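Dear colleague,

I am passing on the structure we spoke of, together with some notes on what came out of going through it. Please look at it first and then read on.

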Amino acid sequence: DACIELDLYVIADWHVLGEKNPLLYKEYAKDFFDKVIDHYGDIPNIIYEIANEPFSSWDDMVAYSNEMRPYIREKLPNSVILVGGDFTGKTSDLDYANIMFVPHIYGVTGDVINRIISYIQDEVPIFVTEFGVTTSVDWARANPESAAIMMPEYADRLIRFMDKYDISWTNWAVGCNPGYPLVQRGMWNNELRDDTLNPSGVYIKSIFKKTRDLSYLDNISDL
């Protein structure tokens, strides 16, 4: 509600994680989206991400999307729907209006970037709803006593890549995340001063405020 009041977008995300297969709990997903839609109706600030990281297979993701998309659109015909997946299939499998494909980018490889570019060339809109500027969450879980390692040059190139292709993005995550939250544990305040932030938070703040100089990348074409 606070985001809507501030005229910000909000992603309502059905967060599938360990099981990876969105088909396993699709009825629960429908119940979740029913509750969100019943409460917020056609408020345009709400974007619907129908599953987080549905990586069991491309076919599972397509089957799930082909069921969830019309389910949501029956109530909200003009809603923007975000569809995640492993990006190994054909964009024509999901040839619908008002959808965006969702990659999550952590320590990305050139192969992932090339697949994203191929989707853009097919005129498929992309929304990166998660990316990291430090070592991955898997590294953090394996090294719980160690601070996450910042990768600012990598993050610079990723930001420049997303800007180049007009890709929307959100950074993961504000807090309560192992290893690399933006805000230090127990330090949240509405000012988001640098002394309350982890290095990743200071970095993302500098991107939003346009105080980080990325001009050194002007003559670099690849990620």
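Let me start with the largest pocket, where α7 gives the largest share of the lining, 6 residues. Please keep in mind throughout that this is a predicted model. The space in this pocket comes to about 1500 Å³, and its lining counts 42 residues, of which Trp 169, Thr 170, Asn 171, Val 174 and Phe 208 lie nearest the centre. Besides α7 (199-208), the elements that give two or more residues to this lining are α1 (2-5), β1, β2, α6 (152-164) and β8 (168-169).

Helix α7 also deserves a look for its buried residues, which are Ser 200, Gly 201, Tyr 203, Ile 204, Ser 206 and Ile 207. The cover over these buried residues of α7 includes β7 (130-131), α6 and β8. Just after the helix, Lys 210 takes a positive phi of about 60°.

The sheet comes next. It is an open sheet of 4 strands, in the order β1-β2-β3-β4, and the pairing is parallel. Its edge strands, each pairing on one side only, are β1 (10-13) and β4 (99-102), and neighbouring strands are turned against each other by 30° on average, direction ignored. Between β3 (residues 81-84) and β4 the parallel pairing extends over 4 bridges, and within this pairing Gly 84 has Val 102 in β4 as its bridge partner.

Helix α3 (residues 58-75), for its part, lies across β2, β3 and β4 and runs at about 170° to β3.

The last topic is the charged side chains, for which the model holds 11 salt bridges. One of them joins Lys 35 to Asp 31, with the closest N and O atoms 2.8 Å apart. An α-helix has 3.6 residues a turn, so residues three or four places apart point the same way.

In terms of accessibility, Arg 193 is partly exposed at 37%, Glu 191 is exposed with a relative accessible area of 58%, and Asp 195 counts as partly exposed at 46%. Finally, a network of salt bridges links Lys 26, Glu 27, Lys 30 and Glu 67.

With best wishes

Conventions:
Residues numbered from 1 in each chain as written. Predicted model: local features only at pLDDT ≥ 70, side-chain atom pairs only at ≥ 80, totals over all residues. Heavy atoms only, no water. Salt bridge = Lys/Arg side-chain N within 4 Å of Asp/Glu carboxyl O. Buried < 20%, exposed > 50% of the residue type's maximum accessible area, 1.4 Å probe, protein only. Pairing = 2+ DSSP bridges. Axes fitted to C-alpha atoms, helices over the stretch in contact; angles between N-to-C directions. Contact = heavy atoms within 4.5 Å. 1 Å grid on protein atoms, 1.4 Å probe; cavity = no way out; pocket = protein on both sides within 12 Å on 5 of 7 lines; lining within 4 Å. Points joined across faces, edges and corners; volume = space filled by probe spheres on them.
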